[in-house]
Amino acid sequence: MQGKRILLGITGGIAAYKIAFLVRILKKSGAEVKCIMTPASSDFISPLVLATLSGNPVGIEFWNKDSGVWTNHVEYGLWADLFVLAPLTANSLAKMASGSCDNLVLATYLSMKAPVIVAPAMDLDMYAHPTTKRNIAQIEKDGVVVIPAESGELASGLEGEGRMAEPETIVNAIKNHFLEQLSKKSLFKKKILITAGPTYEALDPVRFIGNHSSGKMGFAIAEYCLNQGAKVTLICGPTAMNLKNENLTLIPIKTAVEMLDAVQSVWDNMDIGIFSAAVADYRPKNVVHEKIKKNDDSLVVEFVKNPDVLGWAGSVKKENQILVGFALETNDMLPNGKSKLERKNLDLIVMNNLSDEGAGFAGDTNKISLLDNHNNLTNFELKSKSEVAKDIVEYLINLKK
Ligand code: CTP
């Protein structure tokens, strides 16, 4: 649920007090949470509790009478990945079924772009009433997922069906919803290996040879693959970038040799490899164990060749594996790219020219050309790195081996 935006709509039933636990569990599992409430629900749980736990202001009224500021229910509808109404009273259920929108929660429901899940809560006679049954059937027909009320002791003192599902049950329904969404995505359960960032090759305990790679391109690719349902292993050199996701395994490395080790331990098990790292081609032959002193007027360092990590993956690539490499060139982009595609046994190469404005290492944009193993060349415009990531991944999804 990492990073998922969940909007909670709270209506006026006693079970509203349990929403504090729901907010806590959702926050702990990495979701972003916002709460909106009907005025009646604030008699059962303080908006301050929900604002504190969610870390976001709570919406109750259409507008703030003191400041005159209007609460934009359309914004909530656009913000959310999922709208959860819990507890949902018989009254609010009836309004949802009929399209009435006399408060912020219901107006938000009517302008909601995201899927909606509800957890009804009411007394057993109200829950069993044909009107309620009819209203539940109506909202289900409208596409809402209903978590059935549970049996047990009710606030009225009666026993029976009508209790709001427990927060853990609601969380499971939310998790299942996101899992089901993911299972429809094109890369669901595909295992993808990505290399990203620079490598640092030590000269002495305090100095290294590195490069300007920020890792942004590789991280953008990882993020897009995760959103498409993939399980991603990201092997990356030193970078300021960060990404958290339950389907992400992050393996930090420093040197090309460490990157090769990490790649060798996982590549056999992967479906796709996307090697965007800027690996140092050479490393100092001898790492001096004490800090090099500036005693001499010049310094000569002997370098030895680093292993070609992508080249190794290409040399052992299996029939069902897809391998993508990058080529950052300053001249003769196409012939150089083509030669790398063949030499390293790739299925696709992402080429960019360092002389193109906005292309390359540290910035937020890139301008790429894709060359596949059937000699098809596609040139793209200058785009943000996240859009470039989408272009690359969508291309390789449709790539014929
Ligand atoms: N690469 C790698 N390991 C290396 C060098 C490069 O995995 N030691 C990968 C990069 O991640 C990139 C691709 O190979 O996907 C292109 O690297 P590049 O260094 O440009 O290609 P080379 O074949 O080394 O050619 P040259 O440096 O001569 O341009």
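Predicted model: local features only at pLDDT ≥ 70, side-chain atom pairs only at ≥ 80, totals over all residues.
Local features need pLDDT of at least 70, side-chain atom pairs count only at pLDDT 80 or more, and totals for chains, interfaces and linings use all residues. Residues are numbered from 1 along each chain as its sequence is written, and side-chain values use heavy atoms, with hydrogens and water left out.

Start with the rings. A search of the whole structure gives 2 aromatic pairs. Rings of Phe, Tyr and Trp (its six-membered ring) pair if their centres lie within 6.5 Å; planes under 30 degrees apart are stacked, over 60 edge-to-face, and the rest tilted. Tyr-200 and Phe-208 are stacked because their ring centres are 3.7 Å apart and their planes meet at 10 degrees. Tyr-200 has a relative accessible area of 25%, so Tyr-200 is partly exposed. Phe-208, at 42%, is partly exposed too. Here buried means under 20% relative accessible area, exposed over 50%, and partly exposed in between (1.4 Å probe, protein chains only).

Trp-267 and Phe-275 make an edge-to-face pair, with 6.3 Å between centres and 80 degrees between planes. Both of these residues are buried.

Now the surface. Ile-14, Tyr-17, Phe-21 and Phe-44 form a nonpolar patch there, and together they have about 410 Å² of accessible area. Patch residues have over 30% relative accessible area and no salt bridge; like charges are joined within 9 Å, nonpolar side chains (Val, Leu, Ile, Met, Phe, Trp, Tyr) within 5 Å. Areas come from the Shrake-Rupley method with a 1.4 Å probe; for residues, only the protein chains shown count as cover. Ile-14 lies in the loop between β1 (5-10) and α1 (19-28). Helices (H or I, at least four residues) and strands (E, at least two) are DSSP runs, numbered from the N terminus.

Next, the charges. The structure holds 13 salt bridges, each a side-chain nitrogen of Lys or Arg within 4 Å of a carboxyl oxygen of Asp or Glu. One of them joins Lys-18 to Glu-166, with the closest N and O atoms 3.0 Å apart. This pair links distant parts of the chain: Lys-18 is in the loop between β1 and α1, Glu-166 in the loop between β7 (159-163) and α8 (167-183), 148 residues apart. Lys-18 counts as buried because its relative accessibility is 11%.

Another bridge pairs Glu-329 with Lys-340, at 2.5 Å between the closest N and O atoms. Glu-329 sits in strand β16 (residues 322-329) and Lys-340 in helix α12 (residues 333-343). Shared partners also join Lys-18, Arg-163 and Glu-166 into one salt-bridge network.
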